[in-house]
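This report covers a pair of packed helices and a set of salt bridges. Accessibility of the paired residues comes first.

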There are 2 protein chains.
Amino acid sequence: MMQRQAPLYARLEAYIASKGLRSTTQRRCIADAFFSGPRHLTIEELLARVREQDPQIGYATVYRTLKLFAECGLAAERDFGDGRTRYELSDESNEHHHDHLICLVCGKIIEFHNEKIEALQIKVADKLGFRIERHNHEIYGSCASCVASEAR
Amino acid sequence: MMQRQAPLYARLEAYIASKGLRSTTQRRCIADAFFSGPRHLTIEELLARVREQDPQIGYATVYRTLKLFAECGLAAERDFGDGRTRYELSDESNEHHHDHLICLVCGKIIEFHNEKIEALQIKVADKLGFRIERHNHEIYGSCASCVASEAR
DNA sequence: GTAATTGCAAATGGTTTGCATGTAA
DNA sequence: TTACATGCAAACCATTTGCAATTAC
């Protein structure tokens, strides 16, 4: 376990304890894969990482465990329109909130954060008396390298 | 057919003719329901409207026809995270582009448009050399009336 | 006439669930 | 000891597809 992931483990263990759940080898293994892995992984990708450590882990366990992580606020579910749910560290587990640019050519996912957009969203909602809980903001198109290789 | 929907019919018929497809009673009936109905309808809702006119129409036909409308640029598919795809008139069939606020309590869908947000998105993408094709921007929370009834 | 379209039912595919077995506390 | 968790297979559910019958042109 890397140093910077220790707080995430601690939060997970605290949640598990507070709910009367159990700390299992599978959950710890999936937590390892999720906390240290690349962002925006699908269940399938996560399962592959997890099975490098323990080939016996079933895919239903990964589904259930990521739902658990989402429930306790460690993970966020993302839908980028390709039919598979992706998981990433939640905003609070992370440095800060971010949104995404998704390359339709190579599949690359780029994170962005723009304070002005965030502020304007709040303004739009306020004007309508709407109380914001969360938002999705995804920009689809072609990333710089795909635009470049297309031009060739 | 109402006056303001005539251009939409014309575009549909033009597309159908240009592709060597056929103008069927089912397609015209589904077009009626879609062009004149409320926005953001699911296939199931659309099917119900369509069957008021012609109870024989099958649901696969509605799926196929809405895909056709999307293909020819008349319809836009929307995913508000509840597992059902919704269809609305595309930006070009409509007055202008818009995004959505979705009430998680009552399900109300409110449209919004903010030029500053649009401009900032382009700025974010430009800085990364990313070419935008489209975007999703959804704000989830509680609408004014649900916030009010909660306060009671 | 013939190629596109329809309606039905079956297939698909990601995700969820029931259940018998295993295991943490 | 006794709930909770796991792994498997089956179920789910929105959507898609194969196919025989129908229809537009």
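D82(A) and R84(A) form a salt bridge whose closest N and O atoms are 3.3 Å apart. A salt bridge here is a side-chain nitrogen of Lys or Arg within 4 Å of a carboxyl oxygen of Asp or Glu. Through shared partners, salt bridges join D82(A), R84(A) and R86(A) into one network.

## Basis of the values

This is a predicted model, in which local features need pLDDT of at least 70 and side-chain atom pairs count only at pLDDT 80 or more, while totals for chains, interfaces and linings use all residues. Residues are numbered from 1 along each chain as its sequence is written, chains are lettered from A and ligands numbered from 1 in the order in which they are written, and side-chain values use heavy atoms, with hydrogens and water left out.

## Other salt bridges

Over all chains, the whole structure has 14 salt bridges. One of them pairs K67(A) with E77(A), with 2.7 Å between the closest N and O atoms. This pair links distant parts of the chain, 10 residues apart: K67(A) lies in helix 4 (residues 59-71) of chain A and E77(A) in strand 2 (residues 75-79) of chain A. Helices (H or I, at least four residues) and strands (E, at least two) are DSSP runs numbered from the N terminus. K67(A) is partly exposed at 44%, and E77(A) is partly exposed at 39%.

A further salt bridge joins the side chains of E150(B) and R131(A), at 3.0 Å from N to O. The pair crosses between chains, with E150(B) in helix 6 (residues 144-151) of chain B and R131(A) in strand 6 (residues 131-142) of chain A. Both residues are partly exposed: E150(B) has a relative accessible area of 48% and R131(A) one of 36%.

## Helix packing in chain A

Helix 1 (residues 6-18) and helix 2 (residues 25-36) of chain A have axes that come within 11 Å and cross at roughly 145°. Axes are lines fitted to C-alpha atoms, for helices over the stretch in contact, and angles run from 0 to 180 degrees between N-to-C directions.

The contact (heavy atoms within 4.5 Å) involves L8(A), Y9(A), L12(A), E13(A) and I16(A) of helix 1 and R27(A), R28(A), A31(A), D32(A) and F35(A) of helix 2. These residues divide into six nonpolar, no polar and four charged. Ala, Val, Leu, Ile, Met, Phe, Trp, Tyr, Cys and Pro count as nonpolar, Asp, Glu, Lys and Arg as charged, and the others, Gly among them, as polar.

Definitions and conventions:
Buried < 20%, exposed > 50% of the residue type's maximum accessible area, 1.4 Å probe, protein only.
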